[in-house]
Amino acid sequence: AGLSMTRSAVLTASQCATYDEVKKAWMRATGATDSLGTHFSASMLTGLVTTTVTNPVDMIKTQLYMDRGAGGSPLGALRTVLA
């Protein structure tokens with residue numbers, strides 16, 4: 001449950017921190033207005049950032065599930081992922 005909560009926290013923090021900044025930057029760079037297209041573009045870029053940020057946590061979580069029978073630990077899973 002700990003890694004699931006960690007993943008959720010990382011996902012939410014990266015999503016909240018990124019969306020408004022990406023939307024503002026998109027509007028400045030393209031001269032677009034606050035429209036459906038702007039929201040769609042900002043959401044797509046935010047999804048890319050969020051996926052990139054949460055991927056390491058997902059890899060460690062998956063490795064832990066795979067090592068469950070061997071008594072794996074989060075630190076051991078991190079070592080395996082980084083190896």
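I began with burial: buried residues, meaning those under 20% relative accessible area (1.4 Å probe, protein chains only), make up 19% of the 83 residues in the chain. I note that this is a predicted model, where local features need pLDDT of at least 70, side-chain atom pairs count only at pLDDT 80 or more, and totals for chains, interfaces and linings use all residues. Residues are numbered from 1 along each chain as its sequence is written, and side-chain values use heavy atoms, with hydrogens and water left out.

Next I looked up the secondary structure. Along the principal axes, the C-alpha atoms fill a box of roughly 55 × 25 × 15 Å.

Then I turned to the helix pairs. H1 (residues 2–30) and H2 (residues 36–66) pack at about 155 degrees, with axes 8 Å apart; they are therefore roughly antiparallel (over 145 degrees).

For H2 and H3 (residues 74–82), I see the axes come within 9 Å and cross at roughly 110 degrees. These two are therefore roughly perpendicular (65 to 115 degrees). In contact terms (heavy atoms within 4.5 Å), Met59, Ile60, Gln63 and Leu64 in H2 meet Pro74, Ala77, Leu78, Thr80 and Val81 in H3.

Conventions
Axes fitted to C-alpha atoms, helices over the stretch in contact; angles between N-to-C directions. Helix = DSSP H or I, 4+ residues; strand = E, 2+ residues; numbered from the N terminus. Parallel < 35°, antiparallel > 145°, perpendicular 65-115°, else oblique. Buried < 20%, exposed > 50% of the residue type's maximum accessible area, 1.4 Å probe, protein only.
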